Amino acid sequence: DLPGTFVDYETGPREYQLSVAQTVLRVHTRIADLYNDPMNQVEQQLRLTIEALRERQEHELVNNTDFGLLHNADLKQRIHTRTGPPTPDDLDELLATVWKEPSFFLAHPQAIAAFGRQATSRGVYPSSIDVGGHHLPAWRGVPIFPCGKIPISEARTTSIMLIRAGEEKQGVVGLHQTGIPDEYQPSLSVRFMGINEKAIMSYLVSAYYSAAVLVPDALGILENVEV
């Protein structure tokens, strides 16, 4: 007889609600009327507003207690440093948690500096890799991206994440909704709210987002990293 098998699945899979970051942009009509040449002032104000929203979105994707990456790693995917500061051995052990096609490390800049010190003290020098025209430090060929949104505790400890990204790799994916009303960018809308009695125009800027870890071994975290 041929051996049998089955595909395990969850009868009640988790549902993700998109989170929203919103703000109101206010611009006086005098600015829009008189100072739109050579640069469109409303467009420039909107660009800065969207950048601020994206910063808030990045913070939530890392730290949100519901869907943030720091709070959604499987317990078996969480490891601790051996001596405190991040060493090459620690990052090798982290690579063992996401052994299949890891995409990148994510670490606070101070954690990256601490790793560099530990590697140099052992006579090991991390390589660099070109990503989109930017040179980033790398370990075992995996780039280390800096992320200032990863917190550092009062005890000067932080975390380093290792991520396999992409739906086709059964990794970590970002969630968004396209085709929303008044869409300005994918999953981001800019809605004109009117002009008040003081001649100030208002625009409601909304960004919708979330993140999901498709399988447990797509995300590993090295905890208690001393910096």
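Which helix supplies the largest share of the lining of the largest cavity?

**Basis.** I am working from a predicted model, where local features need pLDDT of at least 70, side-chain atom pairs count only at pLDDT 80 or more, and totals for chains, interfaces and linings use all residues. Residues are numbered from 1 along each chain as its sequence is written, and side-chain values use heavy atoms, with hydrogens and water left out.

**Confidence.** I noted that pLDDT, the predictor's confidence in each residue from 0 to 100, averages 93 over the chain, and that 99% of the residues score at least 70. Helices (H or I, at least four residues) and strands (E, at least two) are DSSP runs numbered from the N terminus. Confidence is lowest in helix H1 (residues 29–34), with a mean of 87, and highest in strand S7 (residues 157–163), at 98.

**Cavity.** I took a cavity as a set of points on a 1 Å grid over the protein atoms alone where a 1.4 Å probe fits but cannot get out; a pocket is an open set with protein on both sides within 12 Å along at least five of seven lines, and lining residues have an atom within 4 Å of a point. Grid points are joined across faces, edges and corners, and a volume is the space filled by probe spheres set on the points. I found one cavity of 30 Å³ or more. The largest cavity holds about 30 Å³. Helix H4 (residues 109–121) gives the largest share of its lining, three residues. The lining consists of Leu91, Ala107, Ala111, Ile112, Phe115, Ile144 and Ile160. By class I count Ala, Val, Leu, Ile, Met, Phe, Trp, Tyr, Cys and Pro as nonpolar, Asp, Glu, Lys and Arg as charged, and the others, Gly among them, as polar. The cavity lining has seven nonpolar, no polar and no charged residues.

**Pockets.** The largest pocket has a volume of about 340 Å³, and its lining includes Glu10, Arg14 and Asp74. I list seven nonpolar, one polar and three charged residues there. The second largest pocket has a volume of about 280 Å³. Of its 13 lining residues, Leu61, Leu69, Phe104, Leu106 and Ile163 lie nearest its centre. That lining divides into eleven nonpolar, one polar and one charged.

**Backbone.** I also checked phi. Arginine 140, not a glycine, has a positive phi of about 55° and sits in the loop between strand S5 (134–139) and strand S6 (142–146). Glutamine 170 also has a positive phi, near 55°, and lies in the loop between S7 and S8.
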